[in-house]
Amino acid sequence: MRWPFSRKPAGPRPPKTLRRSFVTPEGVDLQLELGGAGARAGAFMLDALAMIVILVVVTIVILLLLTKSSADVLAILWMIGFFALRNGWFALFEMGGRGATPGKRLMGLRVVARDGARLTGGAVIARNAMREIEIFLPLSFLGAQTADGTADGFLTIFALCWSGIFLFFPLFNRDKLRIGDLIAGTWVVRSVSGTLGSDLVAHADRPRRVFSEAALGLYGVFELQTLEDVLRNGRSDAIATVAWKIRDKAGIPDDGDDYGFLSDYYAALCARLERGLLVGKRRENKFATSQAA
Amino acid sequence: MTAGTSAFVGAQPILVNASRFRAAHEAEWQRLDALVSRIEKRSVKALSEDDLLALPLLYRSALSSLSVARETSLDRALIAYLEQLCTRAYFQIYGVPTSALRQLRRFFVRSWPAAMQALWRETLVAFLLTVAGVLVGYLLVRNDPSWFYGIIPDAMAQGRDPSASAESLRSTLYAKHQDMLATFAAFLFTHNAQIAIFSFALGFAFTVPTVLLIVYNGLMLGAFMAVFASKGLGAAFTGWIMIHGTTELFAIIVSGAAGIRIGTAIAFPGRESRGDAAMRAGHVGATAMAGAVVMLSVAGLLEGIGRQTILDDMARYAIGLAMLAGWLVYFYLPRRHDALAV
């Protein structure tokens with residue numbers, strides 16, 4: 001159903017997965033993965049908790065230090081500190097090199113500019129100033145309600161719905177954008193790190209099995225990469241099942257060494273499919289038409 | 001049945017692209033990995049000069065490895081590793097902002113005045129709305145003082161209402177407070193700055209709440225003016241408000257203008273997509289709003305300390321006008337074009 005005034009989307013709609021293309025100035029697409037709503041809510045909770053703990057501790061310390069002569073200075077410190085904590089916690093951490101608050105770091109998230117450029121101070125301030133209407137506005141409505149309980153019920157429901165739009169905004173768009181992200185042109189992405197898995201094809205210092213063209217023609221890239229996962233996971237029952245299946249399909253007798261068989265088959269299949277790639281033939285999966293060798 | 005039967009052959013090397021590729025470049029990737037990990041753990045200062053020079057080269061070579069691997073290799077682990085390595089290196093090379101001091105300098109020298117100049121239309125609108133609010137508030141209360149109670153909440157009036165005597169009103173203008181001046185200044189600053197940030201953020205709702213805030217601000221000012229003017233204290237009240245008001249009202253107008261810019265960009269994106277328009281407006285608006293917070297800290301000092309110690313009308317006028325002139329010159333004095341390019 002098309003609403004009368006909604007324009008047709010200009011380009012292809014973004015996919016439903018959380019992977020987004022992110023092109024560096026060098027023109028390479030890094031394929032970033034967006035942070036999920038749960039991780040982001042968790043990060044916010046952690047940050048809020050840290051802020052509250054700091055506020056409570058500092059307040060207690062100030063109350064302990066309180067004397068007649070120092071009341072002035074301490075009151076100023078508390079007020080400025082509270083202001084800085086409320087408005088500066090997120091912005092200052094995100095302006096730093098890690099692009100993430102402590103909560104985001106713990107949840108493995110970071111803030112990046114959607115266009116691949118440097119994250120500017122203006123963007124960070126914009127995305128965090130919007131928390132005023134996303135978080136503090138709903139909170140203050142709730143607070144006002146509990147404080148006096150005199151406000152008109154209908155008005156309160158209206159106000160809650162209105163502020164709820166802002167609070168739950170990230171759930172209603174594909175990119176999981178907060179209003180702040182929308183205004184600032186930022187994304188929150190997962191910051192991953194990992195080590196290089198071992199080369200499954202190396203160590204060719206033992207005799208290898210040779211497979212016929214018919215046996216290698218059974219599968220495509222998808223199956224190859226599934227096989228890679230099976231080999232890397234190293235679960236013996238999965239390996240046995242997959243080895244049995246391949247032997248069954250290709251009509252190869254069982255030689256008792258499932259892992260050796262699978263890694264040889266992987267190497268041979270990989271080499272064959274890569275030869276196809278070089279001449280521009282990519283066989284996605286086993287259902288794609290088998291190509292001439 | 002012999003079709004698929006495997007035979008063993010000797011250690012004939014089966015080479016896939018991934019193996020060749022790993023053999024040729026793995027050392028570079030490992031070095032880049034080590035460098036990036038070191039920066040992530042500490043800072044870019046942890047690198048030696050050689051490493052610093054090598055970093056961009058290693059990054060580019062890893063990127064090109066990634067492109068080649070995606071096209072020619074089917075080893076998923078290799079591609080996943082290169083993707084995360086390139087991403088981490090990218091963030092360390094492009095994502096890291098410059099030092100805080102340089103960012104601050106850039107803000108005051110370039111970004112802030114540039115944002116103010118870009119916002120001149122919205123600033124003018126917010127100013128006119130304030131003036132309209134002041135006029136309406138003034139006329140309403142002058143004609144029918146009972147309007148005052150409809151506009152100003154009791155807590156804020158603190159006895160400064162139409163029923164107050166001229167003497168008590170005068171005393172509020174020239175009362176000399178000596179204690180807690182700095183505390184008062186800090187309170188005013190944090191309170192006003194929070195409102196400024198709020199009115200910026202509210203602009204997102206198609207500017208309506210921001211406009212209401214601005215007009216209401218003007219209404220209150222006009223209502224107070226009417227009360228003081230009716231007792232012949234108009235000039236004195238203007239001086240009392242002016243010493244900090246030129247800065248404070250200007251800041252409120254600016255943050256309102258920033259909110260208006262966001263709301264109008266979302267409602268009427270023009271030729272750009274809604275998202276792009278919102279983003280550009282957000283950057284300009286946020287910069288101006290950060291500036292408004294700076295202005296409000298100055299206003300807090302002027303109001304909390306300056307106004308309580310300077311009791312002379314002429315001096316109050318002079319300070320207020322000088323501040324206004326200073327801000328106007330700082331924001332709008334034409335500069336060389338390249339000096340403002342953000």
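In this predicted model, the domain assignment divides chain B into domain 1, spanning residues 17–96, and domain 2, spanning residues 102–340. The centres of domain 1 and domain 2 of chain B, taken over C-alpha atoms, are separated by 51 Å.

Helix 11 of chain B and helix 12 of chain B, the latter covering residues 274–309, pack with their axes 8 Å apart and at an angle of about 170°. Because angles over 145 degrees count as roughly antiparallel, helix 11 of chain B is assigned a roughly antiparallel orientation relative to helix 12 of chain B. When the residues of this helix–helix contact are sorted by class, 22 are nonpolar, 8 are polar and 5 are charged.

The largest nonpolar core comprises 151 residues, and those with the most contacts inside this core are A:Ile183, B:Ala62, B:Ala196, B:Ala288 and B:Met289. Helix 11 of chain B, residues 234–267, provides the largest share of this core, namely 17 residues. For A:Ile183, with neighbours within four places in sequence left aside, the contacts in chain A are A:Ala126, A:Arg127 and A:Met130, while those in chain B are B:Phe204, B:Ile262, B:Ala278, B:Met279 and B:Gly282.

The contact between the two chains draws 70 residues from chain A and 68 residues from chain B. On the side of chain A that touches chain B, at least two residues each are supplied by several elements, including helix 4 (121–129), helix 5 (131–148), helix 7 (179–184), strand 5 (208–210) and helix 11 (258–278) of chain A. Helix 2 of chain A gives the most to this side, with 8 residues. By class, the side of chain A that touches chain B contains 43 nonpolar, 15 polar and 12 charged residues.

Positive phi values are found at two residues that are not glycine, namely A:Gln31, with a phi of about 55°, and B:Thr207, with a phi near 65°. A:Gln31 is placed in the loop between strand 1 (19–20) and strand 2 (32–33) of chain A, and, with 17 other C-beta atoms within 10 Å, this residue is partly exposed. B:Thr207, in turn, lies in the loop that runs between helix 9 (181–202) and helix 10 (208–230) of chain B. Because 20 or more other C-beta atoms within 10 Å define a buried residue, B:Thr207, with 23 such neighbours, counts as buried.

Methods. Residues numbered from 1 in each chain as written. Chains lettered and ligands numbered in written order. Predicted model: local features only at pLDDT ≥ 70, side-chain atom pairs only at ≥ 80, totals over all residues. Core = buried A, V, L, I, M, F, W, Y, C linked by C-beta atoms within 7 Å. Buried ≥ 20, exposed ≤ 12 C-beta atoms within 10 Å, placed from the backbone. Helix = DSSP H or I, 4+ residues; strand = E, 2+ residues; numbered from the N terminus. Contact = placed C-beta atoms within 7 Å. Nonpolar A, V, L, I, M, F, W, Y, C, P; charged D, E, K, R; others polar. Domains from an automatic or database assignment. Axes fitted to C-alpha atoms, helices over the stretch in contact; angles between N-to-C directions. Parallel < 35°, antiparallel > 145°, perpendicular 65-115°, else oblique.
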